[in-house]
Amino acid sequence: MATNLIAVTSVAARCAGAENADEYWRLLQAARPQFRSVPSDRWAARPTIRVPGSNNRSYSHVMAPMQDPFAFDAQRFRVPRARAMRMDPQQRLAVSLTDELFERSRGDPREASGGRVATVVGVSSTDYRSISAAPLLAEATVDGSLGVGNGSERAAVTAAATRAVKPMSGHTMSGVLANMVAAAVQSVFDLTGPAFTVDAACASSLTALDIACSLLSQGRVNACITGGVYTTLTSEAHVGFSAVGALSPSGKCRPFTSCADGFVIGEGGALLLLKRFEDAARSGDHILGVIEAIGSSNDGRAPGVMTPTVKGQVLAIREALTVRGQESLRVDAIEGHGTGTTVGDQAELETLLEVCDPDAGRPTLLGSAKAIIGHTMAASGALALVKALLALENNSWPPQPSLDVSEPHPLLEGAPFRLAGEKCAETPLRRVAVNSFGFGGTNCHVILATPHEVESHA
């Protein structure tokens, strides 16, 4: 057997409408979008604007929120209450997902590896840090010590910000720094492998996966936890992406359709437990799927730093194909990045037209979980991977919302791939691909296969 194959032996997931991986799978099968108004306990609705980038306001007040991003059983994880109260919800989510990951695993990876387990997590949001520092920054702005105020600002700004969050304490810095998302997992579960976070914007999860696979292939660790988490606690992302014009004015995310008008911001996270394939097979682990190849690239100089390019995306996919010794992409299904933006969908579909095998015999199924759970930013690739792995395990590809299937993107006409509909569940799955593209031009592509498919070609 090839020594560079990586097995996924457990998965965990949480997002809008699903508290664990089983609920996530049922949600995907039902194809019910989870978009609604921003919960009132996040931030108050303000009059929306129509012109992108005006008045620091958003033209959308819709998202796909988790039930409670602050939920955390501190007693179960032996985390002191004072520390837990100041932990970024993304830390809490990562710890809770790791607990699910270990519960769903056939064997405890800590015992098999002597605790030498790495954790590499994609993280791109720091709003909790912004909230925690709000009183300090507001006070400094008012008295002029920050260098941007003249002392004439209303003191009420300081008072309001101070009431909004708890004052800084000895637990604040460990609670707000992004690196502590991975470090918290090591601390709670007593893991001694390397741990760090990765920020490649929307490609963070798959970039983290790439690094995790390298650690395993090099023999530096015997197991690795990887994935991504994302919560949105302030209106910063809504306002920022409104300025870009990337949010959906209609409040719907409809990837690869003729009426797509942008994405909806979602929350969530997903983690995967990885081992070398031969180690997992030898120890009798339950293998959901096998990572056969990963390719990555950057767009380099592009029309804009946030503009995706076909050239860069093709480079990532071709790197993965080179690992497999293939010239064209031949898989049964593709979980696309699929943001639902005009520019993003166009570039991704043009990429797939360039790399997919036109003589595959039957159309390759195409989907994007963002149509159901929104764009979960740094966590989007991890949730896409979990979708693909559960589909391989269940030999069934979840459908897109029926309205989306009836209004496909013009580039899908005559293409060797099509949006997945209800009848697609009958299609056998042996190998699937996952795309992830991030602001700043980082591109990642992963090819997954069933354990049987790998063993039959060993």
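The side chain of His 445 reaches the side chain of Asn 435 in a polar contact of 2.5 Å. That pair is a handy place to start a tour of this predicted model.

**Around His 445**
- His 445 sits in strand 13, which covers residues 442-449.
- With a relative accessible area of 0%, His 445 counts as buried, because the cut-off for that label is under 20%.
- Leaving aside residues up to four places away in sequence, His 445 touches Ala 293, Ile 294, Gly 295, Ala 316, Ile 317, Ala 320, Leu 329, Ala 433, Val 434 and Asn 435.

**Strand 13 and its sheet**
- Strand 12 (residues 431-437) runs antiparallel to strand 13, and seven bridges join the two.
- Across this pairing, Ala 433 stands opposite Ile 447 of strand 13.
- Both strands belong to an open, mixed sheet of eleven strands, ordered 5-4-6-7-1-8-13-12-9-10-11.
- The edges are strand 5 (195-198) and strand 11 (417-419); each has a single partner strand, so one side of each is left without a neighbour in the sheet.
- On average, neighbouring strands of this sheet are turned by 25° against each other, direction ignored.

**The second largest pocket**
- Its volume is about 500 Å³ for this second largest pocket.
- The lining of the second largest pocket has 31 residues, and Met 306, Pro 308, Thr 341, Gly 344 and Phe 439 lie nearest the centre.
- Helix 10 (236-244) and helix 13 (342-355) each give at least two residues to that lining.
- Helix 13 supplies the largest share, five residues.

Definitions and conventions
Residues are numbered from 1 along each chain as its sequence is written. This is a predicted model: local features need pLDDT of at least 70, side-chain atom pairs count only at pLDDT 80 or more; totals for chains, interfaces and linings use all residues. Side-chain values use heavy atoms; hydrogens and water are left out. Helices (H or I, at least four residues) and strands (E, at least two) are DSSP runs, numbered from the N terminus. Buried means under 20% relative accessible area, exposed over 50%, partly exposed in between (1.4 Å probe, protein chains only). A polar contact is a pair of N or O atoms within 3.5 Å; within protein, one must be able to donate a hydrogen and the other to accept it, and residues adjacent in sequence count only if both atoms are side-chain atoms. Contact means heavy atoms within 4.5 Å. Two strands pair if DSSP finds at least two bridges between them. Axes are lines fitted to C-alpha atoms, for helices over the stretch in contact, and angles run from 0 to 180 degrees between N-to-C directions. On a 1 Å grid over the protein atoms alone, a cavity is a set of points where a 1.4 Å probe fits but cannot get out, and a pocket is an open set with protein on both sides within 12 Å along at least five of seven lines; lining residues have an atom within 4 Å of a point. Grid points are joined across faces, edges and corners, and a volume is the space filled by probe spheres set on the points.
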